[in-house]
Amino acid sequence: MFRPWSRWSGVVVGCLVATGCGDAVTSEVREEAPAQAPRAPGARNEAFRQASARYGVREDVLLAHAYLMGRFEASSTEEHDAAEARDGHLHAPRFGVMHLTAEQVAAGARATGLAEAQVREELEANVLAAAALLRASLDEAVGPGQAAPGWEHYRTAGVKLTGFQEPRAAEGHAQELMALLGRGLDVTTPDGERLSFSAVQALAHEVDTVQQAATAPGQYPPMSWVAAHPNNYISGRSGGTVKYVLVHVTEGGYWGTLDWFSQANPSQASTQYVIQSSTGNITQMVSEANAAWHAGNEYYSLNSIGIEHEGYRAHPETWYTDAMYRSSASLVCAIAKKYGIPVDQQHIIGHYQVPDPYLLAASTAPGTNAQVQAAPSNWGGASNHYDPGFAGSGWNWSYYLGLIRDCVNAASLSPIIIDSNAGNNDPARARIEVSANWTSASSTAGYYGTGYYYASTAPVSDGANFWFYLPTAATRTVDAWWTTGTNRSTTANFVAFDAAGTRLGTAYANQQLNGGKWNTLGTYNFSAGWNKVVLSRWTTEGYTVIADAVRVR
């Protein structure tokens, strides 16, 4: 099947960070003395001091913006190399520690009188240009008749400085900017420079919106939704099935990634999920039923779910937080359960393991670390991307897969209830299957959930099948629930089968007794995969059997 060059793209985006949305702050900045933490020496500190003084803008706002954009690191140049051009993965680049767009570079150069090359490449010029643009936006926001900008004006100007087009990304950045100013900052960069500012008391009420919460093992964690542009994915999977989870690093920030994927970007790139470094917050952008273009290999895009993790692979110590690892592991645990994906590095893989479809068969198995190290040009998709680190460096695979494995194992130990109403079942763990000879009812009190099935006893192979999924082999106890009545079978037989179809045992139940509660049938050694308990109709005729619910614990 033909796809445009851009749809082979491996995803690398220049982005920003933030969380949630909040109310504008209306107190004027001039009413509060800009108390600052003790200043530290260093090139970045000097650049921010000079820019603040020259354009009369708050130094802490410039620092907060640069921190959120890229933790005081210049935008990655990796996204502009020849390999990117080969598969059409070109997008609006960002420049310098302030992550200015090309349009902002041009505008900043005009405002400062510097050359565009200086604004793109030199630290001091880049920060000066950003300060000049911030000053212009403040003047525009304040308007005539107001002597000094208030915090609501800094919020508006800060959003404009991002260049975001997606409103939710812009609002998210605005909230995080205000929250960061409200709590202060004191960080040391990987090269040893300390940058800091004191908390702004007027913004102390601004707080980060952290959406993550405790999630039962195997359940999808809380998340937001921002739709990717329809150009950046296809409806359905064109015959593909979910076999892999593909781990990416954004080479930029959370909110900027959402902004980029929500646009009709030239690369047609997107992903199913994006995870924030500082909080572990998750945003879904493409349904799992659809194929996002993220792998740099069409076969892998059609057969995988992509997860972008905020950060830069060159600075794992800055970006790869425990909050992000744990949030991602919780998400992957749910995906692995849903699709039966093994928890190993041949199925939960890094982008660097994807075969280059121009040098290897597109469906080649994921590369091992040894294979990638031996022939780097064969891997990383069409653009030879090496996130989350060349041959796994930087990303703690042992810790990450351990978290996922622990979650999957915990999920397998939690009780599974298979209800007669399919809508009450977790489709990743349980399903009910009956023929048209079974009738749905709720006329007799004491049923589990919303009703039950019943059928007449007869010498036929037409049982009610209660299916349940176990990721690993386990010894489990089976209970059943039914409603009682004088027409019920006194020898209703429940038959346990493992995933291979091997009959494990039969339990007989008198359904005229003990209705409206769980009744233990027996304990069996089930195998990994889809096992089942069948309520048979093949017993003494003249009665009915009740298929209500089965619990596996």
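What pLDDT does the protein average, and what share of the residues score at least 70? The protein averages a pLDDT (the predictor's confidence in each residue, from 0 to 100) of 88, and 88% of the residues score at least 70.

This is a predicted model, in which local features need pLDDT of at least 70, side-chain atom pairs count only at pLDDT 80 or more, and totals for chains, interfaces and linings use all residues. Residues are numbered from 1 along each chain as its sequence is written, and side-chain values use heavy atoms, with hydrogens and water left out.

Over residues 30-39 the pLDDT stays under 50. Where pLDDT is low, the predicted coordinates should not be read in detail.

Two helix pairs are set out below. Helices are DSSP runs (H or I, at least four residues), numbered from the N terminus. Axes are lines fitted to C-alpha atoms over the stretch in contact, with angles from 0 to 180 degrees between N-to-C directions.

| Helix pair | Axes come within | Crossing angle |
|---|---|---|
| H6 (residues 123-142) and H7 (residues 151-162) | 9 Å | roughly 130° |
| H12 (residues 322-339) and H14 (residues 397-413) | 8 Å | roughly 45° |

H6 and H7 are therefore oblique to each other, as are H12 and H14; angles under 35 degrees count as roughly parallel, over 145 as roughly antiparallel, 65 to 115 as roughly perpendicular and the rest as oblique.

In contact (heavy atoms within 4.5 Å), residues of H12 including Tyr325, Val332 and Ala336 meet residues of H14 including Leu403, Ile404 and Val408.
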